[in-house]
Amino acid sequence: MGTLGEQVSGLEQMDKLVTLCKRRGFVFQNSEVYSGLAGFWDYGPLGVELKRNIERFWWNYMVRRRDNVAGLDAALIGPEAVWVASGHVGAFHDALVDDKNSKERFRIDQLLYHNEEDAEAAEIYALEAIAAGVADETKFWDGLKDKLGYYPLNPNTGKESRFTAPRQFNLMFKQGIGATGEGGQTGYLRAETCQPIFVDFDSVRVTSRQRVPFGIAQIGKAFRNEINPRNFLFRAREFSQMEMEFFVRPDTLIEQLKAAQATETPGLHDQPGSLAPTHHWYEYWQGERRSYYTALGIPDKLLRIHDHPAEKLAHYAQLASDIEFQFPFGWGELEGIHHRGEYDLRQHQEHSGKKFEYFDDDAHRQLTESGMNKDEARQLATYLPNCIETSVGLDRTFLAVLAAAYDEDVQETKHEGKEADIRIVLRLHPRLAPVTCAVFPLSKKLSGPDSKAYKLYRTLIDMGLAAEYDDAGSIGKRYRRMDEIGTPWCLTYDFDSEEDGAVTVRDRDSLDQDRVSLEEVPMLLLQRLSES
Ligand code: ATP
């Protein structure tokens, strides 16, 4: 049995995933009956379960099991001042061009998707040309040709075309708040979930009684008016992020503490201790995040780390890397890990006029004990924490999880004239599967509200398991339906069950069938779930 990825091309696999998502109610195009709205997606009954299970998994991994990470759920809209301070109003721009023949619109780097370096060079060249006011298209495209050695083609047709000169386009969704006109306020739908974390830094720190080092985490929607949303859930205009900002002591203080021979406070859960320099924390979170994907059931061979070279770092970053996943359409960013220094807290401190500084009494005590004068120690121990960020897209994770789980294998069939059937199976981690177990009474005669099969189903539901009950159609078809949505265990109640008080537990992956007594089934499933 090979994985589908080995049997068909990436694009075919993508088509199969999109079709499965629609057919089984994972994801639909938003407003499809009105021809759809590009870049917006609706999660159907199974999709919402899978999405919530991924969120829960991330939240447990990043927040619940750590006592130094606190949660937040901030508003989706923020006042203009927040997004001016963050730099998004001034600099969150893409350069867009129109194909004059086909009327298609592209981000300029998308014309050069085949060559990452050229794509980046074109983007930089275009943003510089916009800043310099170059509006003449011939001048612009000739200049770019001199740089790259060729004219870009239309990426959809692979043919030469005529493009407009680039224009700047802000990716934020602007929103009038309250009465329009005088007295009204301008706000923005948040372009990333991290800014409210920085804005609320002090409130969360004080109320959660956290001391540096500690983190603040948030899962929620973000909005970007992407010029060309594409690749299904990969690039959408409305999407969700799962972000954690981890605040640590600045390196200058660490150096002073080391010189003062301060003692190391042991780190929590094998984390770096309180004298770890900021890049240790960055490496620590890189490692943690990679392990998270293994725990989530994504094979490590489908992941790789792309470190950003120093000369290509964003203005706020001191170190940056992406965790990339091998999507059916190629490698793509799943998560960004950034060392943001004190950039964001400083920006919000300067723009709001409020103090974001933290007084580190432990550092202050250690410095004064080493003989440092109190004022100097106070100055050093009062600082803006540095921040290490881990930021992952929930929708991209959803797509990655589905792509990694999708499989087809060959099964025997009883269909006349057919030797074998292709079975579609989602090999989802059991804790992510939208349905954990399904109860099948073999015949309608064994079904009904008072039947033992139905009572077993109700017991499983009451225990908090995601269970389904299905008494229609052949048992083979019922298994196939559950395999296709990734249900790890199916429980069949047959005529023998009336005599032996047991059901057959069938495993999605091994196809093993075990006979288990009705009383033992709930515990068995809980045990298998916790061991998965
Ligand atoms: P890209 O380079 O792909 O546009 P980015 O570097 O701008 O992504 P970040 O701002 O670092 O992305 O956002 C963190 C994460 O949010 C990304 O790694 C990705 O998983 C997710 N994300 C960003 N933009 C989108 C989008 N338009 N649709 C879906 N997910 C997104």
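The model being predicted, local features need pLDDT of at least 70 and side-chain atom pairs count only at pLDDT 80 or more, while totals for chains, interfaces and linings use all residues, and side-chain values use heavy atoms, with hydrogens and water left out.

Helices (H or I, at least four residues) and strands (E, at least two) are DSSP runs, numbered from the N terminus. Two strands pair if DSSP finds at least two bridges between them. E20 (residues 437–441) and E21 (residues 467–469) pair in the parallel sense over three bridges. The chain passes from E20 through helix H16 (residues 452–462) to E21, and this β-α-β crossover is right-handed. The term applies if, with the strands pointing away from the viewer, the path from the first strand over the helix to the second runs clockwise.

E20 also pairs with strand E22 (residues 489–493), again in the parallel sense, over five bridges. Here the bridge partner of Val439 is Leu491. Five of the five residues of E20 are buried (under 20% relative accessible area; exposed is over 50%, partly exposed in between; 1.4 Å probe, protein chains only). Side chains in a regular strand alternate between the two faces of the sheet. In E20, Cys437, Val439 and Pro441 point one way, and Ala438 and Phe440 the other way.

The open sheet has five strands in the order E21-E20-E22-E23-E24, with mixed pairing. E21 and strand E24 (513–517) are the edge strands, each pairing on one side only. The twist averages 25° from one strand to the next. E22 and strand E23 (residues 502–507) run antiparallel, joined by four bridges. Leu491 has Val505 as its bridge partner in E23.

Two helices pack on this sheet. Helix H17 (residues 475–484) touches E20, E21, E22, E23 and E24, and its direction makes about 170° with that of E20. Helix H19 (residues 521–531) touches E20, E22, E23 and E24, and its direction makes about 170° with that of E22. Contact means heavy atoms within 4.5 Å. Axes are lines fitted to C-alpha atoms, for helices over the stretch in contact, and angles run from 0 to 180 degrees between N-to-C directions.

Elsewhere, the axes of helix H3 (residues 45–64) and helix H15 (residues 394–405) come within 10 Å and cross at roughly 105°. H3 is therefore roughly perpendicular to H15 (65 to 115 degrees; under 35 is roughly parallel, over 145 roughly antiparallel, the rest oblique). Residues in the contact include Leu50 and Ile54 of H3 and Phe398 and Val401 of H15.

Notes:
Residues are numbered from 1 along each chain as its sequence is written.
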